[in-house]
Structures are given as C-alpha cells and as structure tokens.
Amino acid sequence: MNLFTFFKNVSREMKKVSWPRGNELTRYTITVVSTVAFVSVFFAIVDLGITQILNLLFE
C-alpha cells in the first residue's frame, strides 16, 4: 500500500465518523474539564496529606 492509497482510505473513513454537534461538544468539554479539575484537586489533597503524615513521622 502506498502513501496515496493510505490517505485516500483515511479520508473515506473520516467521512463515516459521527461528529458531535455544538451543544454536545460543549457538554463534553465541560465534563472533561470538570473531571480533570476534580481529579487534580483530589490528588493534590492526597499528596498534601501524605506529605504531612511523613513529616510527622520523620521529623
């Protein structure tokens, strides 16, 4: 398979993709950003807690 055939097949497959509409895309983006923010805050709090525990044990 040569490069031209590859890109032709990629183009054909991309036409079959069901792209989200504007309101769906907005909802998905808000969901992803809020999930990332929540997980970041969660792990920051867990990291802070572990740091405090280790400081109590080894100081």
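**Group meeting: two helices and a few contacts**

At the start of helix α1, a side-chain oxygen of asparagine 2 comes to within 3.4 Å of the backbone nitrogen of phenylalanine 4. That is a polar contact, meaning a pair of N or O atoms within 3.5 Å; within protein, one must be able to donate a hydrogen and the other to accept it, and residues adjacent in sequence count only if both atoms are side-chain atoms.

Before I go on, the ground rules. This is a predicted model, where local features need pLDDT of at least 70, side-chain atom pairs count only at pLDDT 80 or more, and totals for chains, interfaces and linings use all residues. Residues are numbered from 1 along each chain as its sequence is written, and side-chain values use heavy atoms, with hydrogens and water left out.

Now the overall picture. The chain has two helices and zero strands. Both terms refer to DSSP runs, numbered from the N terminus: helices are H or I with at least four residues, strands are E with at least two. The C-alpha atoms fill a box of roughly 65 × 35 × 10 Å along the principal axes. The radius of gyration is 23 Å, whereas a compact globule of 59 residues would have one near 10 Å. That radius is taken over C-alpha atoms, and the globule rule is 2.2 Å times the number of residues to the power 0.38.

How many of the 59 residues, in percent, count as buried? The figure is 0%. Buried means under 20% relative accessible area, exposed over 50%, and partly exposed in between, with a 1.4 Å probe and protein chains only.

Back to α1, residues 3-14. Its 12 residues reach 17 Å from first C-alpha to last, close to the expected 16 Å. The expected span is 1.5 Å times one less than the number of residues.

Next, a salt bridge: a side-chain nitrogen of Lys or Arg within 4 Å of a carboxyl oxygen of Asp or Glu. The structure holds one. Glutamate 13 pairs with lysine 16, with the closest N and O atoms 3.3 Å apart. Glutamate 13 is partly exposed at 45%, and lysine 16 is exposed at 59%.

Valine 17 sits in the loop between α1 and α2, the latter being residues 22-58. Valine 17 and threonine 31 are 14 residues apart in sequence and 21 Å apart in space, C-alpha to C-alpha.

For residues 28-50, the unreviewed UniProt entry gives the annotation "transmembrane region". UniProt positions follow the numbering used here, feature names are shortened, and annotations may be inferred rather than shown by experiment. In the model, that span is 100% helix and 0% strand, with its end C-alpha atoms 33 Å apart.

Last, aromatic pairs. Rings of Phe, Tyr and Trp (its six-membered ring) pair if their centres lie within 6.5 Å; planes under 30 degrees apart are stacked, over 60 edge-to-face, and the rest tilted. The count is two. Phenylalanine 6 and phenylalanine 7 are edge-to-face, at 5.3 Å between centres and 70 degrees between planes. Phenylalanine 42 and phenylalanine 43 have centres 5.3 Å apart and planes at 70 degrees, so that pair is edge-to-face.
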